[in-house]
Amino acid sequence: MKLSDIESKDLKKNQSKELEGEITRDIIEILEEEGITVRMLVDAALELYAPHPGIETRELAEEKFLRELDIAVSDPNLCLLIYSGILLEKEGLEGRLPNISRSSYEKDLTFIIADEVLGMSISKYISGDKGMFEFVRFDKQKPGILAELGPFMDDIIGGLIGGVSANMYTRAMAEAAEMAKKKKTDPENKSDVISG
């Protein structure tokens with residue numbers, strides 16, 4: 001039997017396609033309550049900054065990173081993934097994670113990979129495979145705040161920074177290429193050379 005042979009039922013066909021009600025909590029505010037500020041995210045991202053077309057300076061990179069961060073955290077699914085890491089971190093600190101002792105949690109044992117899976121999921125959700133590569137880069141080097149966070153949060157925040165960073169580079173290079181293309185085809189773009 002193939003999956004295409006299975007008849008599907010749309011049990012949620014009458015469900016709203018948009019969020020309802022007033023949003024009372026913002027993920028950036030929750031991160032700040034946990035001691036993780038936007039400035040810390042930017043600083044960690046820029047520690048591994050490499051100039052690219054469209055982000056030739058750290059100032060441009062910061063501007064583009066903040067724009068991509070705003071876009072990313074506007075997605076409620078991403079916010080829920082980040083929040084799950086916050087809750088797991090709190091439960092770990094209290095010794096209330098299922099099948100893991102508090103001391104095992106604190107040691108960040110290498111065979112416990114749920115934290116890595118969440119970090120990779122976040123980065124991939126934001127920007128696909130490019131985000132996963134950036135996550136690995138940030139996870140290995142642990143710049144800035146990443147070196148100070150607990151076993152779950154370093155991967156959660158590493159995934160967020162990695163995904164946002166990947167989008168920053170991708171979009172900046174695409175915008176730079178588009179601007180270069182417009183300059184080539186723009187009839188107003190005349191040469192400063194005087195012919196003789």
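Student: Which helix holds aspartate 43, and is aspartate 43 buried, partly exposed or exposed?

Tutor: Helices are DSSP runs of H or I with at least four residues, numbered from the N terminus, and aspartate 43 belongs to helix H2, residues 38-47. Buried means under 20% relative accessible area, exposed over 50%, and partly exposed in between, with a 1.4 Å probe and protein chains only; at 36%, aspartate 43 is partly exposed. This is a predicted model, where local features need pLDDT of at least 70, side-chain atom pairs count only at pLDDT 80 or more, and totals for chains, interfaces and linings use all residues. Residues are numbered from 1 along each chain as its sequence is written, and side-chain values use heavy atoms, without hydrogens and water.

Student: How much space lies in the largest pocket, and which element gives the most to its lining?

Tutor: On a 1 Å grid over the protein atoms alone, a pocket is an open set of points with protein on both sides within 12 Å along at least five of seven lines, a cavity is a set where a 1.4 Å probe fits but cannot get out, and lining residues have an atom within 4 Å of a point. Points are joined across faces, edges and corners, and a volume is the space filled by probe spheres set on them. Here the largest pocket has about 410 Å³; of its 16 lining residues, Ile23, Arg25, Pro76, Cys79 and Leu80 are the closest to its centre. Helix H4 (76-93) is one of the elements giving two or more residues to this lining, and H4 gives the most, with four.

Student: How many cavities of 30 Å³ or more does the structure hold?

Tutor: There is one, and the largest cavity has about 70 Å³ of space, with a lining that includes Leu97, Tyr105 and Phe152.
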